[in-house]
Every structure is written in C-alpha cells, then in structure tokens.
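Here is a short briefing to read alongside the structure. Take a moment to bring up the model, then work through the points below.

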Amino acid sequence: MEIISSHYIISNASYTDCPAPDRPEYAFFGRSNVGKSSLINMICNNAKLAKTSGTPGKTQLINHFGVVSKNKKSWYLVDLPGYGFAKVSQSSRRRWEQMIEGYIRKRENLVCLFMLIDSRHEPQKADLDFLYQLGKWETPFVLVFTKTDKNKPAVTTKNVEAFLAAMTLHWEEPPPYFITSAMTKTGRKPLLDYIGSLNSNFSRL
Ligand SMILES: Nc1nc2c(ncn2[C@@H]2O[C@H](COP(=O)(O)OP(=O)(O)OP(=O)(O)O)[C@@H](O)[C@H]2O)c(=O)[nH]1
Ligand SMILES: [Mg+2]
C-alpha cells in the first residue's frame, strides 16, 4: 500500500469528542519515548506530522491524523500519550488512565492497536502488564519493536525473542510483530501492507 496524503485533524481528551468513526482506525501506543510519534511520521513520510521530542511525555492527548492511500481509501492514524512517565501526579495519572481505557474500549472503528516496544531493552513489566490488560479487554493488537537502528541485529533478535517468550505466560500464540526503525525506515513496507490488508477487511464488513 502507498500513502498519497496525510494531515493532522484534531486532538481530544476523550473518545467521545473524536472524529466520526466512519473509516478504519489504527492507534499507536506504548511507553513514553518509545517512538510512537516518530513511527507515525515515518509511515506517512511526513516528518512534521506528529510532534516528537527527546523528553518523555510529549504527546498528551488523543491525536487524530487523516491518511489517504493510493487506492483512494481513507483511514485514521492515532497517536496516543504513553505510559511510564514518572513525573506525574496521581490525579493526572488517573485522568490518563480514563482517557486511554475509554478510547481503547469504546472507539468503535479501532481496528488494531499497535503496541510499541523498545527493542533495546529486555522485557519490561510495564509493557507486559499493559498487554495483559489488552487481553482482558479483548483488544486486537500487534507488536512493533522500535529503534532497532540503535542495536546490533543480534541484540534486537535476542530482545524480541525474550519478549515473545515472556508473553507465553498468558498467550498461547505470539501476536504478529514488526521490526522497525523510524530513523532508517526499516519495517515501513510490512507495516503499511498490514494496514492495507486490514483496511480491505474493514470495507467488507
Ligand atoms: N535512533 C532512533 N531514535 C528514535 C527512533 N524513534 C524515535 N526516536 C527518538 O526517540 C525520542 C522519542 O520519540 P517520540 O516519537 O517523540 O516518542 P513517543 O513515544 O511519541 O513519546 P511520548 O509522546 O513522550 O509518549 C525522540 O528523540 C526520537 O527522535 C528510531 O527509530 N531510532
Ligand atoms: Mg509522542
């Protein structure tokens, strides 16, 4: 699949204010600083689309981007605020939880959640805990390992295998996963083709 245009639409604190759920939607989620906004920009070939930052906690709201692919299909990409950002008060953490849970569980056109995992690290409890939660909510998700340009290939392989092995505690089968780098654009085509295949299924519903 090829993208012909992408643009920012709106940012909201609640799923109830999000754009009409009239097309397939894909949300990018994961730890703060894992590279969600950068990956959205990489996929769209548009460095200025989503705001990125070296300081964790940059993305604070549910951000919708409208994308049109070459076959004239329109879909949404969503950039979500991440977790694991230490410097937050109890009340803002609670607000964040409500925003994320409401969006993930109630957004009716959300086809798949892309769970980003930093490929530089061994399995992190915060990531595994959130995936467990997604399982309980029956949310469809795939894994996206990020920042692989920062590793030797053997380190990426080791960390990916360790993550999939850690998931066997709660899952019988590993989910689909993608190996990516926003820097080198590794994984762009497989991700786009996956979204393309889900887009076709959506229109047949
Ligand atoms: N080397 C390298 N750096 C990356 C990659 N992806 C993101 N980064 C860097 O990691 C930092 C965080 O990236 P963001 O895309 O803002 O991360 P985020 O997950 O959106 O973070 P929050 O909005 O704070 O939750 C930035 O300094 C990016 O330049 C990558 O694939 N390779
Ligand atoms: Mg961000």
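In β7, F178 is the bridge partner of V144. That pairing belongs to a predicted model, in which β6 (residues 141-146) and β7 run in the parallel sense and are joined over 3 bridges.

**The sheet and its helix**
- Helix α4 (residues 153-167) packs on the sheet and touches β5 (110-118), β6 and β7.
- The direction of α4 makes about 165 degrees with that of β7.
- Stepping back, 7 strands form an open sheet with mixed pairing, in the order β1-β3-β4-β2-β5-β6-β7.
- The edges belong to β1 (3-12) and β7 (177-179); each has a single partner strand, so one side of each has no neighbour in the sheet.
- From one strand to the next, the twist averages 25 degrees.

**Around ligand 1**
- Of the 23 residues around ligand 1, the nearest are G35, S38, T52, T59 and G82.
- Helix α1 (residues 36-44) gives the largest share of this shell, with 3 residues.
- Sorted by class, the shell has 13 polar, 5 nonpolar and 5 charged residues.

**Two backbone angles worth a look**
- Most residues other than glycine have a negative phi.
- N33, which is not a glycine, has a positive phi of about 80 degrees; you will find N33 in the loop between β2 (25-30) and α1.
- E138 also has a positive phi, near 60 degrees, and sits in the loop between α3 (125-137) and β6.
- Are these residues buried or exposed? N33 is buried, because 21 other C-beta atoms lie within 10 Å, whereas E138 counts as exposed, with 7 C-beta neighbours inside 10 Å.

Definitions and conventions: Residues are numbered from 1 along each chain as its sequence is written. Chains are lettered from A and ligands numbered from 1 in the order in which they are written. This is a predicted model: local features need pLDDT of at least 70, side-chain atom pairs count only at pLDDT 80 or more; totals for chains, interfaces and linings use all residues. Two strands pair if DSSP finds at least two bridges between them. Helices (H or I, at least four residues) and strands (E, at least two) are DSSP runs, numbered from the N terminus. Axes are lines fitted to C-alpha atoms, for helices over the stretch in contact, and angles run from 0 to 180 degrees between N-to-C directions. Two residues are in contact if their C-beta atoms, placed from the backbone, lie within 7 Å. A residue is near a molecule or strand if its C-beta atom, placed from the backbone, lies within 6 Å of it. Ala, Val, Leu, Ile, Met, Phe, Trp, Tyr, Cys and Pro count as nonpolar, Asp, Glu, Lys and Arg as charged, and the others, Gly among them, as polar. A residue is buried if 20 or more other C-beta atoms lie within 10 Å of its own, exposed if 12 or fewer, and partly exposed in between; C-beta atoms are placed from the backbone.
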